[in-house]
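Grab your viewer and try each one before you read its solution.

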Protein chains: 4
Amino acid sequence: MSERRYTLTIACPDRVGIIAAVSGFIAQHGGFIVEASYHTDLESQRFFMRQEILAASLSPGLTEFHAQFTSMAAEFDMDWRISDSATKKRIVILISKQDHCLNDLLHRWRSGELEVDIPCVISNHEDLRGFVEWHGIPFHCVDMTDKTAAFENIEHLFKQHHGDTMVLARFMQIIPPQLCERYAGRIINIHHSFLPSFAGARPYHQAYQRGVKLIGATCHYVTEDLDAGPIIEQDTVRIDHGDTVEDMVRYGRDIEKTVLARGLRYHVEDRVLVCGNKTIVFR
Amino acid sequence: MSERRYTLTIACPDRVGIIAAVSGFIAQHGGFIVEASYHTDLESQRFFMRQEILAASLSPGLTEFHAQFTSMAAEFDMDWRISDSATKKRIVILISKQDHCLNDLLHRWRSGELEVDIPCVISNHEDLRGFVEWHGIPFHCVDMTDKTAAFENIEHLFKQHHGDTMVLARFMQIIPPQLCERYAGRIINIHHSFLPSFAGARPYHQAYQRGVKLIGATCHYVTEDLDAGPIIEQDTVRIDHGDTVEDMVRYGRDIEKTVLARGLRYHVEDRVLVCGNKTIVFR
Amino acid sequence: MSERRYTLTIACPDRVGIIAAVSGFIAQHGGFIVEASYHTDLESQRFFMRQEILAASLSPGLTEFHAQFTSMAAEFDMDWRISDSATKKRIVILISKQDHCLNDLLHRWRSGELEVDIPCVISNHEDLRGFVEWHGIPFHCVDMTDKTAAFENIEHLFKQHHGDTMVLARFMQIIPPQLCERYAGRIINIHHSFLPSFAGARPYHQAYQRGVKLIGATCHYVTEDLDAGPIIEQDTVRIDHGDTVEDMVRYGRDIEKTVLARGLRYHVEDRVLVCGNKTIVFR
Amino acid sequence: MSERRYTLTIACPDRVGIIAAVSGFIAQHGGFIVEASYHTDLESQRFFMRQEILAASLSPGLTEFHAQFTSMAAEFDMDWRISDSATKKRIVILISKQDHCLNDLLHRWRSGELEVDIPCVISNHEDLRGFVEWHGIPFHCVDMTDKTAAFENIEHLFKQHHGDTMVLARFMQIIPPQLCERYAGRIINIHHSFLPSFAGARPYHQAYQRGVKLIGATCHYVTEDLDAGPIIEQDTVRIDHGDTVEDMVRYGRDIEKTVLARGLRYHVEDRVLVCGNKTIVFR
């Protein structure tokens, strides 16, 4: 585990002097910047930045920083946020019966690679209770026959466990629009195709029918429009004419779990800034 | 250049004993097989095979082989074909103003990597005449104002030059349905997206708008349905939020030319067998 | 799970008629070939082949097949072997403290993707006993202070559990020469570099010092020469100047487990034939 | 072509306030930063940065900027440099008989993708004179029988043509140590292996003998130690047991030219900073 850090992310209209003002402010308070990234979106003319600062180097505490930074933020019309690596994000994982993404995420978590808290796992099936509980993580099974009640229940569990982000690790259920809106930028899905190709159901069957020579996976934020939210990460893998749908499913599992793990890591480390229906990912 | 070879490709209904019959026939005539590939398409239950035989090892000549193989072919209800590496395929290249694919193909041709004849290059612009003629290849400029006349002209030039295959190396014109049908499996296009995503015009602009994290290119046979023919080869390359449409175009050129060169090579070496709207590529 | 199959692998001096003889033999006994692959090694002029046959289609049983095939095998001077998909290979996994490969292999096994038996896991540390035993797999901890005794113990356990193949899933111990020789082609290692670069200890540190722009992993058969045995599978992943050794270790884990899983799968499905210090992998 | 830009690159001991000081200085002079990148090398505790500034936005001219920036540079003990996109770098290309890299670079140059001047091409063979001169570029053939005289001649030609950088595009000759030293960071080579594997002669033969499953290419700065200089860019491509040395050479050509083109582009855009025997590449 690395030293404690603050991560400051900012979005504002682009103009001369933003980097100077922000880095000047940080330097005045002794802040040692370990990583700095910038981007200007040409269409919206908005500026995005991310700074990682060694916590020990910053003379004021976070509260003081907040108070003092607010006036500068107002001057530049900034949307901004600062997070503390000492406060881990709370990730609630939703699954169905397939466990390759779950197995991968839980291993990264228990080995310390993925620095989050996992307050609970929610599923619509009992199958994976034993594996989840072996990790000492509470497992909740939610009956999906009444979808409205089910999602009320899920939201209730999420709040009760003080969740920050929902991760749909092959949950295979469509999230209701109000939930998408209420938790915009906080619900992450892994879709088993290289979007925008093969959105919706049975993407590997669609890929097989079309005869593509590579298949892919896409990690994205969930919005009302099915499989159409801002893309965080994608990857592809080569297949050939000899591969059946079952072979594709098998190859696909390997990229699904890698792509989800990478996308979630970017999210957890505040590397992803949403800009319209696109993302800026400061890797 | 390697030793002279015959390439036998076969498609027929699947059943026991096809490999034994064909390899038995070849062995009886002393044929030394240097490469052999097989595939059964599960949906159509059709069997596909490709054999490369050292020409010098086969006792009968090609004419005799034809005569003798015909009865066995009938017994198994085979579609079959045998080609001779000593007879180079004649490739007519169609271009517009962009020359990265042309430059790449002509280099592979003049270095001896791509073993074909290029009887002529056809374009709707004069721009690349000098470069093509420097290679000693005839260059024909076709006026596209009357599309019907233009494509009659193109077909006439293709026949006059005894062309086997048309390669649309960023030709940017839609081929009329009758031509697609008449030359099915003999017109190859490079499309600058990872199909089926972003078919049609300006795929890099479409990709930019969607915010994908990789872009791609697709080499396919041309059919009546725009950008929907059997896919021969595809590849992708990673981009990020900092890349403009112009950057994508630049990265894209590198995969377009590689994907087209690979796809064309498979076609020229009789490695591609069409099966419905898909291809079997015996690499 | 797919239908029961026999897999026939053959290596012999190259000459005309081998495919015809073997496929003729199989066809005579009604054998339906579902996959067939061939390769001639140009240096040794040896021919290699692999055939997958539907078990139900073959009229004689395996014993009868053995008896009848032997005379033909002698005629062509064949090294050959036939395996039955109904008889699962028995894989003994050796580990140290790192568990990413173990976690990955056990998941593939319990999900049915990796069709093997795992009679036991052996380690020189107690750390992973709980995780292994949760799967119902016996766990043996071997004291390494006396290396000779330790490896005698390991070999004893391997025999006692009727092991076919040892998998060193980041075992971090050097296997004694006699063991390498006795189990040639049956001990698989995953090395955390793109061999032959960075053999031996601390490959990620070596890679960091050299300033390479990609790192890799290699799955290979273990021989007396450290990290120099026949390579089964490799892959690489891009890094950049911002990545520390710790980042490399993290990226590396993802390719280590994928490369090992792929290599082991090829081995288990009898797709790997050793030819000198190289492998033929019929994918 | 994009708008005119200044590119400021800096290396100095790491401490608090560097970004603030530099970006403050730029902002005071109205400088609009379009791209900014930072890196701290943990071993040497040196800080590296690169800023792209819109030329039109900066009130002082370059001369004035130089004068004013010098005192700040001294305060922070900076090695620094500012370049102007309006002054193209002058690239001298050295070749032997193989022309795939040359063909690729000249196409990128004549299409405007590679924004450099190419004052001349130098070769030890006459073969490619026609192709080079067709581009209107002077071609010099240097006799290599007396190596000392040959390299004096090459250096003379380089100076006479006011060259900035030598590009060894498969030149196949060892550069004398004094030249390496005199032009440190200004001679770029493409080596046809994934270094440090297979340095020296005939790397594809070495790769074939070792039985690796991927081959690669490396673009690096030339130093006295053969194939051991700071690596700028690398890539790999998959091969298999069926590929001969000739196939590897063919696949290799495609990555050699791509890797060289990428590495050269980074160099030309002042994205590469050397740090010991490693490079920082601000892509």
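**Exercise 1.** How many residue pairs are in polar contact across the interface of chain A and chain B?

*Solution.* A quick note on the ground rules: this is a predicted model, where local features need pLDDT of at least 70 and side-chain atom pairs count only at pLDDT 80 or more, while totals for chains, interfaces and linings use all residues. Residues are numbered from 1 along each chain as its sequence is written, chains are lettered from A and ligands numbered from 1 in the order in which they are written, and side-chain values use heavy atoms, with hydrogens and water left out.

Step 1: take a polar contact as a pair of N or O atoms within 3.5 Å; within protein, one must be able to donate a hydrogen and the other to accept it, and residues adjacent in sequence count only if both atoms are side-chain atoms.

Step 2: apply that between chain A and chain B, and you get 20 residue pairs, both partners at pLDDT 80 or more.

Step 3: see where chain A's side comes from. E11(A) gives the most, with seven residues. (Strands, E, have at least two residues and helices, H or I, at least four; both are DSSP runs numbered from the N terminus.)

**Exercise 2.** How much area do chain A and chain B bury between them?

*Solution.* Step 1: buried area is the accessible area (1.4 Å probe) that two parts lose on being put together, summed over both.

Step 1: for this pair that comes to about 3200 Å², with 50% on carbon and sulfur atoms.

Step 2: A:Arg210, A:Lys213 and A:His241 supply 22% of the area chain A buries against chain B, more than any other three residues.

**Exercise 3.** Which residue forms a salt bridge with A:Arg238?

*Solution.* Step 1: look for a side-chain nitrogen of Lys or Arg within 4 Å of a carboxyl oxygen of Asp or Glu.

Step 1: the partner is B:Glu233, with the closest N and O atoms 3.1 Å apart. The interface of chain A and chain B has four salt bridges.
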